[in-house]
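The exercises below ask the reader to work through one model step by step, with the sequence and the coordinates at hand. Each task is followed by a worked solution.

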Amino acid sequence: MKHCITLIIAVILAMPLSAQSAKKKRQIRDSVLAATPVSIRDLQSKLTTLDSSYQASMERLQQVIDDLQRDKERHESTIKQQQNKIHVLAQELEALKKGELDEYITKPVTTEDSIVYLVQQFYAAKRWSDQLQYVLDTARVEPLMRRYYSGGYSAEKVKKSLISVDEVVIPIGSVTRVDADMYTVYVKRTTDGFKIDWQATTGTDEYSFEAFRAEKSTVTRQFRVTARLGSEYASDYGLTAAKYYNVRIGESAFVLKNSDAGRQLYEVVKDGFTHDVIVQVRYEKKSIKSGYTRMFPIIVGFVKEGWSLEDGQ
């Protein structure tokens, strides 16, 4: 009986405590639930702030990387330039040891130096295409150069002592002839400096003189040729010494003595030496009494002595 009374008292005492505990639990739960949205917003805000900070840090880091890359490229460029200078100095030192330094212009000062430098650079070009920077009218002559060098090309060194520049005063637009070892180089002074008249220097025409001779073309064409007086005549065909000059231009060609071309050409070649001239020529059919015919080259026009058409342009 005593035990039952004790149990009843415990239950009575416990009942208010359980109700208070449940109430407390509900209060804690409500407090947590009420605070949760605020916490999520705080977390989202913090995440956004952290993301922005991270992006800014990444951008700063990328900028540092880009700056370092540019510095690396600049340093590599500087190193390459210095290496090139060292290479040039080494070459000059080697040339100095051989006593050749004075033979090659590196920093032209005078008009003569500028022309010698141009000629040396032109012939020393590693490839024929590298010569284009030194010649006149590159777009027009490039296909001619390609044809001319189709059989091969080799660079050459031409010493200053083998280059003769006669004129020291050359007006803009004028062409001067320069003797360079075994070559005759036609150099024109332009507003951009001195340039080589490549066609005149090599005697190259748009239409091949060899093809013209092979075809025996009756079309009048203009050619750069070397000419000198000849002594052979074809009198049976009417090409007599009384009426014609024989002028050798790779083969015997004939020009009427009483024509403008004949008079002008004779004044150039009468000394018996070979001269560079530009002439107009065509093949004409001549016949003898038996009816046999033959084609002969007839000079019908004299353009000028020398191979450059650039003078005064």
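## Exercise 1: Charged pairs

Asp130 has a relative accessible area of 21% and is therefore partly exposed, where buried means under 20% relative accessible area, exposed means over 50%, and partly exposed is in between, with a 1.4 Å probe and protein chains only. The model is a predicted one, in which local features need pLDDT of at least 70 and side-chain atom pairs count only at pLDDT 80 or more, whereas totals for chains, interfaces and linings use all residues. Residues are numbered from 1 along each chain as its sequence is written, and side-chain values use heavy atoms, with hydrogens and water left out.

**Task.** Find the salt-bridge partner of Asp130, and then determine which residues are joined with Arg140 into one network.

**Solution.** Begin with the criterion: a salt bridge is a side-chain nitrogen of Lys or Arg within 4 Å of a carboxyl oxygen of Asp or Glu. The structure holds 11 salt bridges. For Asp130 the partner is Arg127, and the closest N and O atoms of the pair are 3.3 Å apart.

Next, turn to Arg140, which is partly exposed at 35% relative accessibility. Arg140 forms a salt bridge with Asp137, where the closest N and O atoms are 2.5 Å apart. Glu206 also forms a salt bridge with Arg140, and there the closest N and O atoms are 2.9 Å apart. Because Glu206 lies in the loop between α4 (198-202) and α5 (209-215) while Arg140 is in helix α3, this pair ties together parts that are 66 residues apart in sequence. Through shared partners, the salt bridges join Asp137, Arg140 and Glu206 into one network. Glu206, with 47% relative accessibility, counts as partly exposed.

## Exercise 2: Backbone angles

**Solution.** Asp137 has a positive phi of about 50° although it is not a glycine; its place is in the loop between α2 and α3 (138-148), and it is partly exposed at 40% relative accessibility. Phi of Asp181 is likewise positive, near 55°. Asp181 sits in the loop between β2 and β3, and with a relative accessible area of 43% it is partly exposed.

## Exercise 3: A sheet and its helix

**Task.** Work out the strand order of the four-stranded open sheet, and state which helix packs on the sheet.

**Solution.** The order is β1-β2-β3-β4, with antiparallel pairing. At the edges are β1 (163-165) and β4 (193-196), each of which pairs on one side only. From one strand to the next the twist averages 35°, with axes taken as lines fitted to C-alpha atoms, for helices over the stretch in contact, and angles running from 0 to 180 degrees between N-to-C directions.

Helix α2 (residues 111-124) packs on the sheet and touches β1, β2, β3 and β4, its direction making about 40° with that of β4; contact means heavy atoms within 4.5 Å.

The pairings can then be followed in detail. Strands β2 (residues 175-180) and β3 (residues 183-190) pair in the antiparallel sense over six bridges, and Thr184 in β3 is the bridge partner of Asp179. Between the antiparallel β3 and β4 there are four bridges, with Phe194 in β4 as the bridge partner of Arg189. These strands, β3 and β4, form a hairpin with two residues between them.

## Exercise 4: A residue in strand β8

**Task.** Which residues does Glu284 contact, leaving aside its neighbours within four places in sequence?

**Solution.** First locate Glu284, which lies in strand β8 (residues 275-287). With those neighbours left aside, Glu284 is in contact with Arg294, Met295, Phe296, Ile298 and Val300. As a further check on distance, Glu284 and Val219 are 65 residues apart in sequence and 9.4 Å apart in space, C-alpha to C-alpha.

How values were computed: Two strands pair if DSSP finds at least two bridges between them.
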